[in-house]
Amino acid sequence: MTLQQAANVRRSRRNYLDQAIAPEMQEKLQAFAEQYGAAGNLRIELVFNNGAAFAGFRKSYGLLTGVQHYAGLIAKRGCPIAEEKMGYFGEMFMLQAVAMGLGTCWVGGSFRRADCPFDIADDEQLYCTITLGHCAPDDNTRERLIQTITHRRSKRAGDMMADADDAVPDWFVAGLHAVERAPSAVNKQPWLFSYRDGKAHLTLDNSHSWVDLGIAKLHFELGTGGGSWQWGDGGAFSPT
């Protein structure tokens, strides 16, 4: 399964089976964590068979059950570009896990940071986690309810479009459709795309969710079939 195929089938899974991740799969996940962590100048730290940070944690939105395996995403404090790269490379890591047949979910707050077994330097911050694990093939009732509630807010491709100085090419439209399936905090999808001077531009829409910005950039890139982004709010994308 390619990353684009994984992006097309990915959905947030919140109910995990009591099942270990096989050693060979752990090794692959570790290799991806190291590869993408190095590429983004951040740390993707894996935890297996330890769900203490999620045990007994209750919130009204995004309730998780059965979490025993997850990745912690750690980067320098107060650096928006570091957060953006966390979204971009963290989503790339997540899609690799999806391609391996695992359930996943971005989690920004529904866990106890004090129970995560990470060494965090003074200039670093644990921003979020990505839960990993085996799930039942079909969503349970609670997962379906959460999907229904959150996806009522999902933007369609046209809703993400701000302006264009010319007729938009097919690659731009394909990129927008790919972003329709991109996850974001509470599914707000806080982004707007523009087409100017033959390039795509992406800005945050009244938000400071730089992690979401990085996630959207990756999905757009996958949808177009390739290209390169400039980092930052308002960064430009050039197709290959």
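## Helices α5 and α6

Let's start with a pair of helices: α5 and α6 sit oblique to each other. For angle names, under 35 degrees counts as roughly parallel, over 145 as roughly antiparallel, 65 to 115 as roughly perpendicular, and the rest as oblique. Before going further, note that this is a predicted model, in which local features need pLDDT of at least 70 and side-chain atom pairs count only at pLDDT 80 or more, while totals for chains, interfaces and linings use all residues. Residues are numbered from 1 along each chain as its sequence is written, and side-chain values use heavy atoms, with hydrogens and water left out.

Back to the pair: α5 covers residues 170–179 and α6 covers residues 210–224, and their axes come within 7 Å and cross at roughly 130°. On the α5 side, the contact uses W171, F172, A174, G175, L176, A178 and V179, and α6 brings A216, H219, F220, G223 and T224. Sorted by class, that makes eight nonpolar residues, four polar and no charged. Here Ala, Val, Leu, Ile, Met, Phe, Trp, Tyr, Cys and Pro count as nonpolar, Asp, Glu, Lys and Arg as charged, and the others, Gly among them, as polar.

The structure holds 17 aromatic pairs. One of them joins F172 and F220, edge-to-face, with 5.7 Å centre to centre and 75° between the planes. F172 belongs to helix α5 and F220 to helix α6, so this pair ties together parts that are 48 residues apart in sequence. (Rings of Phe, Tyr and Trp, the last by its six-membered ring, pair if their centres lie within 6.5 Å; planes under 30 degrees apart are stacked, over 60 edge-to-face, and the rest tilted.)

What is the relative accessible area of F172? It comes to 0%, and F172 is therefore buried; F220 is buried as well. (Buried means under 20% relative accessible area, exposed over 50%, and partly exposed in between, using a 1.4 Å probe and protein chains only.) Setting aside neighbours within four places in sequence, F172 touches M161, F193, S194, Y195, A200 and F220, where contact means heavy atoms within 4.5 Å. Y195 is 23 residues from F172 along the chain, yet their C-alpha atoms are separated by 8.0 Å. Both belong to one aromatic cluster made up of W171, F172, F193, Y195, F220, W229 and F237.

## Helix α3 and its two partners

α3 meets α6 too. The two pack at an angle of about 50°, with their axes 6 Å apart. That makes α3 oblique to α6, and their crossing is right-handed. From α3 come P80, I81, E83, E84, M86, G87, Y88, E91, M92 and L95, and from α6 come W210, V211, L213, G214, I215, K217, L218, H219, E221 and L222. The class count here is 12 nonpolar, three polar and five charged residues.

The other partner is α2. Helix α2 (residues 23–40) and helix α3 (residues 80–99) pack at about 160°, with axes 9 Å apart. They are therefore roughly antiparallel, and α2 passes α3 in a right-handed crossing. L29, F32, A33, Y36, A39 and G40 of α2 meet K85, F89, M92, F93, Q96 and A97 of α3. This contact has nine nonpolar residues, two polar and one charged.

## Two asparagines in loops

Which loop holds N41? N41 lies between α2 and β1 (43–47). N41 has a positive phi of about 55° although it is not a glycine, and N41 is exposed, with a relative accessible area of 66%.

N49 sits in the loop between β1 and β2 (69–76). Phi of N49 is positive too, near 60°, and N49 is exposed at a relative accessible area of 51%.

## The whole chain

Zooming out, the chain has six helices and nine strands. Helices (H or I, at least four residues) and strands (E, at least two) are DSSP runs, numbered from the N terminus. Of the 240 residues in the chain, 51% are buried. Among contacts with a separation of 6 or more, 72% link residues 24 or more positions apart.

Technical notes. Axes fitted to C-alpha atoms, helices over the stretch in contact; angles between N-to-C directions. Left-handed = near helix turned anticlockwise from the far one by under 90°.
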